[in-house]
Amino acid sequence: MKLTVFGATGGIGQEIVRQALGAGHEVTAVVRDPARFAVTGDRLEVFRADLTDAGALRPAVAGRDAVLSGLGARSRADAAAGVATRLTRPVLAAMDAEGVRRLVVVSAAPVGPAPEDEGLLDKAVLAVISRVLKDVYTDLRAMESELAAGAADWTSVRPPKLTDKPLTGRYRTVVGGNPPRGRTLARADVAHAMLASLDDPATVGRGVGVAY
C-alpha cells in the first residue's frame with residue numbers, strides 16, 4: 001500500500017513508519033522538522049510541510065491508499081490549545097480534496113467507554129487520570145467529533161498508558177470499547193494495531209480500545 005504518516009517524528013509515528021516499511025509499504029512521512037526524523041528506507045519519502053495548511057498537505061496525501069496519524073499534544077499547553085483537533089482538520093481537508101478516504105488516528109483509552117466489568121481500583125485510577133489530563137482528553141474527544149462529522153473512513157485507536165517497550169504484536173482489542181484492566185501498551189504495539197486496522201472493515205467509523 002501507499003501510506004502517508006502524520007506526526008512521523010513522534011514515538012508512535014516513527015514506529016508506524018518503521019513497521020510499514022518493514023511490511024513492504026511505500027511510506028510518505030510528513031514532518032515539520034526533518035532533522036528530528038531518524039528513520040530511513042528505500043520506499044520512504046520525507047515530506048516537509050506546515051501542518052496547519054491543508055493546501056500544503058495535499059501533495060503528501062495525493063494518490064495514497066491510506067493515511068495514519070500520530071498527531072497529538074506533547075504537553076498540557078498543547079492540549080489546552082486543542083492541538084490534536086487543530087492539526088487533524090487540515091489533514092481531513094487535504095484528504096477530502098484528494099479523494100483519499102481511509103484514515104487511522106491515535107487517541108486514548110479514556111475517550112472511549114469504560115468496560116462494564118472494570119474493577120473498582122481501575123475505575124478509581126481512571127477517574128484520577130481523567131481529571132489530571134482533562135485538557136488532553138477534551139482535545140481528543142473534539143478531534144474524534146471532527147472525524148465523525150467528516151467524510152473519511154476513520155478509525156481511532158485508543159491505548160491506555162504508553163511505554164517504550166519493544167513490539168510484541170500481542171495485545172487485546174475491543175471495537176467500540178476498551179479491554180478490561182487494560183493499563184499499558186507499548187508505542188510499538190500501538191503502531192502495530194493502527195496498521196492492522198487499515199484492512200479491517202469492522203473498525204471503520206469506530207474507536208478501538210487496545211491494551212495488554
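I started with a pair of side chains: glutamate 98 and arginine 58 meet in a salt bridge, 2.7 Å from N to O. The two sit in distant parts of the chain, 40 residues apart, with glutamate 98 in helix H4 (residues 83-98) and arginine 58 in helix H2 (residues 54-61). I noted for myself that this is a predicted model.

Glutamate 98 has 28% relative accessibility, so I put it down as partly exposed. Arginine 58 comes out at 36%, so it is partly exposed too.

How many salt bridges does the structure hold? I found seven.

Aspartate 153 is partly exposed at 25% relative accessibility, and arginine 101 is partly exposed at 44%.

Then I turned to glutamate 144 and arginine 158, whose closest N and O atoms are 2.6 Å apart in a salt bridge. Glutamate 144 belongs to helix H6 (residues 134-149) and arginine 158 to strand E6, 14 residues apart. Are these two buried or exposed? Both are buried.

**Positive patch**

I went over the surface for charge and found Arg32, Arg36, Arg74 and Arg86 gathered in a positive patch. I picked out arginine 36, which is in the loop between strand E2 (26-31) and strand E3 (44-48). Its relative accessibility is 43%, so I count arginine 36 as partly exposed.

Serine 197 lies in helix H7 (residues 187-197). I have it as buried because its relative accessible area is 7%, under the 20% cut-off. What does serine 197 touch, beyond residues up to four places away in sequence? I listed Arg102, Val104, Thr155, Val157 and Thr203.

Valine 204 is in the loop between H7 and strand E10 (206-211). At 34% relative accessibility, valine 204 is partly exposed. Setting aside neighbours within four places in sequence, I found valine 204 in contact with Arg102, Asp153, Trp154 and Thr155. Arg102 and Thr155 turn up in both contact lists.

Notes:
Residues are numbered from 1 along each chain as its sequence is written. This is a predicted model: local features need pLDDT of at least 70, side-chain atom pairs count only at pLDDT 80 or more; totals for chains, interfaces and linings use all residues. Side-chain values use heavy atoms; hydrogens and water are left out. Patches are made of residues with over 30% relative accessible area and no salt bridge: like charges are joined within 9 Å, nonpolar side chains (Val, Leu, Ile, Met, Phe, Trp, Tyr) within 5 Å. Accessible areas come from the Shrake-Rupley method with a 1.4 Å probe; for residues, only the protein chains shown count as cover. A salt bridge is a side-chain nitrogen of Lys or Arg within 4 Å of a carboxyl oxygen of Asp or Glu. Lys and Arg count as positive and Asp and Glu as negative; His and the chain ends are not counted. The place of a charge is taken as NZ of Lys, CZ of Arg, CG of Asp or CD of Glu. Helices (H or I, at least four residues) and strands (E, at least two) are DSSP runs, numbered from the N terminus. Buried means under 20% relative accessible area, exposed over 50%, partly exposed in between (1.4 Å probe, protein chains only). Contact means heavy atoms within 4.5 Å.
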